[in-house]
Amino acid sequence: MSSSQSDTLTYVLGALLAAGIAYFMLSPTRDKSSAGGSAEKLSGAEAVLHATDYRKFKLVKKTQVSPNTARYRFELPVPHAVLGLPIGRHIQLMAIVDGKEVARSYTPTSTDNDKGFFELVVKTYPTGVISSHLSRMSIGDTINVRGPRGAFAYTPNMVRAIGMVAGGTGITPMYQIIQHILDNPDDTTHVSVLFANVNEDDILLREELDKWAAKHENFEVHYVLNNPPEEWNGSVGFVTKDMLQKHMPPPANDTKILLCGPPPMVKAMGGCLGELGYVPPNIISKPVDQVFKF
């Protein structure tokens, strides 16, 4: 081999090696394990969720909103990334607790209008494994997430009016849909909410809900408490058929009712709505159902 040919071969091999190293260093990786790894480093406003693989997201902010409820902000891989969750769906969180994998579903209160992070508002229950795990997390800790999950998917103006009956933390999937509707000036859907809680301090996201009700003509919210304070303008006790009739849109082909809350409440509401002329909810709800249970 001549000297010039040897120099050329050395140059080509060096270039190929450099290209290989650059590809290895710059290419995003995907974790295939069930426990997941860091989410992909994505360019543009691309979705970071994966339907089957868990991805790790870092807790960057925790705000206490009530004695037993906090707002958790998790960082996405890059500032311009979005979670990529369709409106009306939820995500699944997984953690290793006492050596076992435990998973629960939650609906973020953020939307894809929020870049670089997603947020969850979670009430901690004494027997709640994941909610208790979240409450013990420190800034910088990570949680495993995958999704989307769920059957309901909201599209603008899918119906003329939506009624929502929520109990406790059941407000979170409603909140996501409400926010999406009110952020879209082309969406004229009218939304009515009945929100039931035990005590006034239990009313999650009340400040935001009240602001929306004052600002938007197509949104109204009515509160129900089991243990109201002395001066209380809302309803008292459990949600009744009369309350549904007063605050929900009447049954029609262009109305829909969404339910989310404790199972006994959801079951009771389904029966009351059937008596009021709505198509009773199915055991497993489908998006086309007039009454949909989350």
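Visitor: Which residue in S12 is the bridge partner of Val165?
Guide: The bridge partner of Val165 in S12 is Leu259. Please note that this is a predicted model, in which local features need pLDDT of at least 70 and side-chain atom pairs count only at pLDDT 80 or more, while totals for chains, interfaces and linings use all residues. Residues are numbered from 1 along each chain as its sequence is written, and side-chain values use heavy atoms, with hydrogens and water left out.

Visitor: How many bridges pair S8 with S12?
Guide: Strand S8, residues 161–167, pairs with S12 over 6 bridges in the parallel sense. Strands are DSSP runs of E of at least two residues, helices are runs of H or I of at least four, and both are numbered from the N terminus. Two strands pair if DSSP finds at least two bridges between them.

Visitor: And how many bridges join S12 to S13?
Guide: S12 and S13 run parallel and are joined by 3 bridges. Across this pairing, Ile257 stands opposite Val291 in S13.

Visitor: What is the order of the strands in the open sheet?
Guide: The open sheet has 6 strands in the order S11-S10-S9-S8-S12-S13, and the pairing is parallel. S11 and S13 are the edge strands, each pairing on one side only. Within this sheet, S9 and S10 run parallel and are joined by 8 bridges. Asn199 stands opposite Asn227 in S10.

Visitor: Back to S12. Why is it described as largely enclosed?
Guide: Strand S12, residues 255–260, is largely enclosed by the rest of the structure because 6 of its 6 residues are buried. Buried means under 20% relative accessible area, exposed means over 50%, and partly exposed lies in between, with a 1.4 Å probe and protein chains only.

Visitor: Which residues of S12 are on each side?
Guide: Thr255, Ile257 and Leu259 are on one side of S12, and Lys256, Leu258 and Cys260 are on the other. Both faces are covered, and all of these residues are buried. In a regular strand the side chains alternate between the two faces of the sheet.

Visitor: Now a helix. Which residues of H2 are buried?
Guide: In helix H2, residues 129–136, the buried residues are Ile130, Ser131, Ser132, His133 and Leu134.

Visitor: What covers the buried residues of H2?
Guide: The cover includes strands S2 (55–66), S3 (69–75), S4 (90–97), S5 (100–106), S6 (117–123) and S7 (142–149).

Visitor: What about loops? Where is Asn218?
Guide: Asn218 is in the loop between helix H4 (206–215) and strand S10 (219–227). With a relative accessible area of 18%, Asn218 is buried. Leaving aside residues up to four places away in sequence, Asn218 touches Ile181, Leu182, Asp187, Thr188, Thr189, His190 and Val191. Contact here means heavy atoms within 4.5 Å.

Visitor: And where does Thr240 lie?
Guide: Thr240 lies in the loop between strand S11 (235–236) and helix H5 (241–247). Its relative accessible area is 33%, so Thr240 is partly exposed. From C-alpha to C-alpha, Thr240 and Ala268 are 8.9 Å apart in space, although 28 residues separate them in sequence.

Visitor: Which residues line the second largest pocket?
Guide: Its lining includes Val65, Ser66, Arg71, Val121, Glu200 and Asp201. This second largest pocket holds about 210 Å³ of space, and H4 gives the most to its lining, with 3 residues.

Visitor: Finally, how many cavities of 30 Å³ or more are found?
Guide: A search of the whole structure finds 1 cavity of 30 Å³ or more. The largest cavity has about 40 Å³ of space. Its lining consists of Leu83, Leu85, Pro108, Ser110, Thr111, Asp112 and Gln176.

Technical notes
1 Å grid on protein atoms, 1.4 Å probe; cavity = no way out; pocket = protein on both sides within 12 Å on 5 of 7 lines; lining within 4 Å. Points joined across faces, edges and corners; volume = space filled by probe spheres on them.
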